[in-house]
Amino acid sequence: MTQHEAAADPSEPADSREADRLREMLRTPAYRRALVFSGLIGIPVSLAAFWFLVGLHQLEHLLWQEVPSALGHADPAWWWPLPLLALAGIMVGLVARHLPGAGGHLPVAGLHAGGTPPVTLPGVLLAAAASLPFGAVLGPEAPLIALGGGLALLLKDLARGPASAQSTALLGAAGAAAAIAAIFGSPVIAGVLLIEVAGIGGPQLFAVILPALLSSGVGALVFTGFGRWTGLDTGSLGLKIPGPRPGLDAGDVLWAVPLAVAVAVLVRLALLGGRKAAGLTAARPRAATVLCAAAAGGCAALYALLTDRSPEEVASSGQATLAALAADPHAWPIGALVAVLLLKSAAYALCLGSLRGGPVFPALFLGGAAGLLASPLPGLGVVPGLAAGLAAAAAGILRLPVSSVLLVVLLLGGSETIPVVILAVVTSFVTTELLPAGPSAP
């Protein structure tokens, strides 16, 4: 308890006491130094995130476009994911066995904001590079968050920055926020996401969120400007929906509820499958990791055989495929949508419990595909269906309602679908909480 708190008048309004504590915190030299350091951290973290994403994108392009083209295939052959994902399983198993931190936590455990020990960073980055470009049905957000938090703590140690528990937590959160802003395209998402992940309020909220916002804002400026200067593609998440945006009607709102329930159940089933896969890899790390990764490749190969489409639509994060889905939804026949939902869900579950990456991007693709599949229903349009599916998937995987609404609204780039997005997020969140939790991840 601080001296100010000890002397506080119990009859003083709580809001006034909270404001006094905030002012006292802002007057503390150590906090102001941490705030300045957080702003500076945003620069190297955003540059590291930029080059890490560029490297992943270039390697993925090499493995899925250039090499198949050199072998005489316009698209990767149906069997192409099998050796790639089996190799990914071998490499991740080696990293998990021999490097500190086991290559980072399994993606089925969700997102962990900040505080990554710097000694574990090489393993985290190597495991992500061995997973994501080779076709793992995972996104880059978890290793990026680990990169941001770990690099912030490393820079603090190199600069002999403040070493208290509070400063370590603040700087880890600031580094994580800069990385989140890079991949999700907005420092606002980074701030809101950390608010909900931390589950805090009052002066503690401001203590964490001010450095996080400052770092993510500076990082977003550097990341965006550096990308335009180099002309290199990082593969950041973004959707471009063609044509005018129609207004919502009663059918859009009514269909959003059962669609959100269905997507929430689909995401929960994938998570339960991921936990079972994680149990296998915990018991037999090397063999089970290779087996699960190769089985995910088998899902992609089966999809290509059944639909005569590219196996990459099942393999990989779904980030680029989601953008193509939104840009030209009529290019996807119903059979292909059903096949991609079933087989990508299975591959997603296998990768959640075996390889390394983040859980968000594939879930967003599954939600978008489900929304598009439901769009021919009477009274439901393509854009509202897509919005409801994305929102339900975001809430189901993140379990952070405000962050989910903000993420989907910014993705869609318009305010017309906000009522449907909110309704789908709330419905999915409630459904997720009411569904049986199942076994916890090891």
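Which helix holds G251? The legends below take up that residue and several others in a predicted model.

**Figure 1. G251 sits in helix 10.** Helix 10 covers residues 250-283. G251 has a relative accessible area of 17%. The cut-off for buried is under 20%, so G251 is buried. Now look for G379. G251 and G379 are 128 residues apart in sequence. In space, their C-alpha atoms are 4.3 Å apart.

**Figure 2. L269 is an exposed residue of helix 10.** L269 lies in helix 10. Its relative accessibility is 53%, so L269 counts as exposed. Compare its place with that of A346. L269 and A346 are 77 residues apart in sequence. From C-alpha to C-alpha, the two are 9.2 Å apart in space.

**Figure 3. Helix 4 packs with helix 5.** Helix 4 runs over residues 81-98, and helix 5 over residues 121-131. The angle between them is about 170 degrees, and their axes lie 8 Å apart. An angle over 145 degrees counts as roughly antiparallel. The two helices are therefore roughly antiparallel to each other. Helix 4 brings A88, M91, V92 and V95 to the contact. Helix 5 brings G123, L126, A127, A130 and S131.

**Figure 4. Helix 5 has buried residues that pack against several helices.** Which residues of helix 5 are buried? They are L121, G123, V124, A127, A128, A130 and S131. These buried residues pack against helix 3 (29-70), helix 4 and helix 6 (141-158).

**Figure 5. A102 and S316 both have a positive phi.** Most residues other than glycine have a negative phi. A102 is found in the loop between helix 4 and helix 5. Its phi is near 55 degrees, a positive value. A102 has 28% relative accessibility, so it counts as partly exposed. S316 lies in the loop between helix 11 and helix 12. Its phi is about 75 degrees, although S316 is not a glycine. Is S316 buried or exposed? At 5% relative accessibility, S316 counts as buried.

**Figure 6. E312 is a buried charge with no salt bridge.** E312 lies in the loop between helix 11 (285-307) and helix 12 (319-327). Side chains of opposite charge can pair when their charged atoms come close. For E312, the nearest side chain of opposite charge is K344, 9.1 Å away. A salt bridge needs a nitrogen and an oxygen within 4 Å. What does the side chain of E312 make a polar contact with? The partner is the side chain of Q65, at 3.1 Å. Leaving out residues up to four places away in sequence, E312 touches E60, W64, Q65 and T321.

**Figure 7. R309 and E313 form a salt bridge.** How many salt bridges does a search of the whole structure find? The search finds two. In one of them, the side chains of R309 and E313 meet at 2.9 Å, N to O. R309 has 23% relative accessibility and counts as partly exposed. E313 has 13% and counts as buried.

**Figure 8. R399 and E433 form a salt bridge between distant parts of the chain.** Their side chains meet at 2.8 Å, N to O. R399 is in the loop between helix 15 (382-398) and helix 16, while E433 is in helix 17 (residues 418-434). The pair is 34 residues apart. R399 is partly exposed, with a relative accessible area of 38%. E433 also counts as partly exposed, at 40% relative accessibility.

**Figure 9. S404 is buried in helix 16.** Helix 16 spans residues 401-412. S404 has 0% relative accessibility, so it counts as buried. Which backbone oxygen does the side chain of S404 reach? It reaches that of L400, at 2.8 Å. S404 also touches A394, A395, L398 and V425, not counting residues up to four places away in sequence.

Technical notes: Residues are numbered from 1 along each chain as its sequence is written. This is a predicted model: local features need pLDDT of at least 70, side-chain atom pairs count only at pLDDT 80 or more; totals for chains, interfaces and linings use all residues. Side-chain values use heavy atoms; hydrogens and water are left out. Helices (H or I, at least four residues) and strands (E, at least two) are DSSP runs, numbered from the N terminus. Buried means under 20% relative accessible area, exposed over 50%, partly exposed in between (1.4 Å probe, protein chains only). Lys and Arg count as positive and Asp and Glu as negative; His and the chain ends are not counted. A polar contact is a pair of N or O atoms within 3.5 Å; within protein, one must be able to donate a hydrogen and the other to accept it, and residues adjacent in sequence count only if both atoms are side-chain atoms. Contact means heavy atoms within 4.5 Å. Axes are lines fitted to C-alpha atoms, for helices over the stretch in contact, and angles run from 0 to 180 degrees between N-to-C directions. Angles under 35 degrees count as roughly parallel, over 145 as roughly antiparallel, 65 to 115 as roughly perpendicular and the rest as oblique.
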